[in-house]
Amino acid sequence: MSTKRKAPKWANEKRALSTLQPYKHNPRIIKGKAFEDLKKSIETFGLVQPLVVNTDGTIIGGHARFYYLQERGDEWCECVVPDRTLTEKELQELCIRL
């Protein structure tokens with residue numbers, strides 16, 4: 001018998017930024033020119049790629065976008081959320097893959 005968990009289904013949700021928290025093991029930090037380029041892109045095209053968050057609001061992908069949305073005073077953002085809570089192991093792997 002396989003113990004592998006079924007892949008989650010993902011759905012778009014609008015979430016308050018105040019309910020989201022960065023993943024403590026996020027391996028990437030974008031700053032300097034890369035962060036400035038990201039800000040310019042969001043200003044030019046909008047938030048094209050939603051944040052990826054776990055059911056509890058932990059950010060899995062899109063940390064830099066989250067920080068910029070906070071910086072500019074946004075209260076809400078589009079997120080992609082799984083239909084089940086991801087395990088810590090799944091969080092770590094998906095955060096790296098994204």
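1. Strands β3 and β4 form a hairpin with four residues between them, and glycine 57 in the turn has a positive phi of about 95 degrees. The two strands pair in the antiparallel sense over two bridges, where pairing requires that DSSP finds at least two bridges between the strands. Helices (H or I, at least four residues) and strands (E, at least two) are DSSP runs, numbered from the N terminus. Valine 53 stands opposite isoleucine 59 in β4.

2. This is a predicted model, in which local features need pLDDT of at least 70 and side-chain atom pairs count only at pLDDT 80 or more, whereas totals for chains, interfaces and linings use all residues. Residues are numbered from 1 along each chain as its sequence is written, and side-chain values use heavy atoms, with hydrogens and water left out.

3. Strand β4 also pairs with β2, here in the parallel sense and over two bridges. Isoleucine 59 of β4 is the bridge partner of proline 22, and isoleucine 59 is also the residue that valine 53 stands opposite.

4. After α2 comes glycine 73, which has a positive phi near 90 degrees.

5. Instead, a polar atom of the arginine 65 side chain lies 2.9 Å from the backbone oxygen of proline 50. Not counting residues up to four places away in sequence, arginine 65 is in contact (heavy atoms within 4.5 Å) with Leu38, Ile42, Leu47, Gln49, Pro50 and Leu51.

6. Isoleucine 29, found in the loop between β2 and α1, counts as exposed because its relative accessibility is 72%. Isoleucine 29 and alanine 64 are 35 residues apart in sequence and 7.4 Å apart in space, C-alpha to C-alpha.

7. By the salt-bridge rule the count comes to nine. One of them joins arginine 5 to glutamate 90, with the closest N and O atoms 3.9 Å apart. This pair links distant parts of the chain, since arginine 5 is in the segment before β1 (10–16) and glutamate 90 is in helix α3, 85 residues apart. Arginine 5 counts as partly exposed, at 41% relative accessibility.

8. Two further salt bridges lie within helices. Lysine 39 and glutamate 36 have their closest N and O atoms 3.3 Å apart, and they are separated by about one helical turn because they are three residues apart in helix α1. Lysine 39 is buried, with a relative accessible area of 16%, whereas glutamate 36 is partly exposed at 43%. In helix α3, arginine 97 and glutamate 93 are four residues apart, about one turn of the helix, and their side chains meet at 2.7 Å, N to O. Arginine 97 is exposed, with a relative accessible area of 64%, and glutamate 93 is partly exposed at 40%.

How values were computed: A polar contact is a pair of N or O atoms within 3.5 Å; within protein, one must be able to donate a hydrogen and the other to accept it, and residues adjacent in sequence count only if both atoms are side-chain atoms. Buried means under 20% relative accessible area, exposed over 50%, partly exposed in between (1.4 Å probe, protein chains only). A salt bridge is a side-chain nitrogen of Lys or Arg within 4 Å of a carboxyl oxygen of Asp or Glu.
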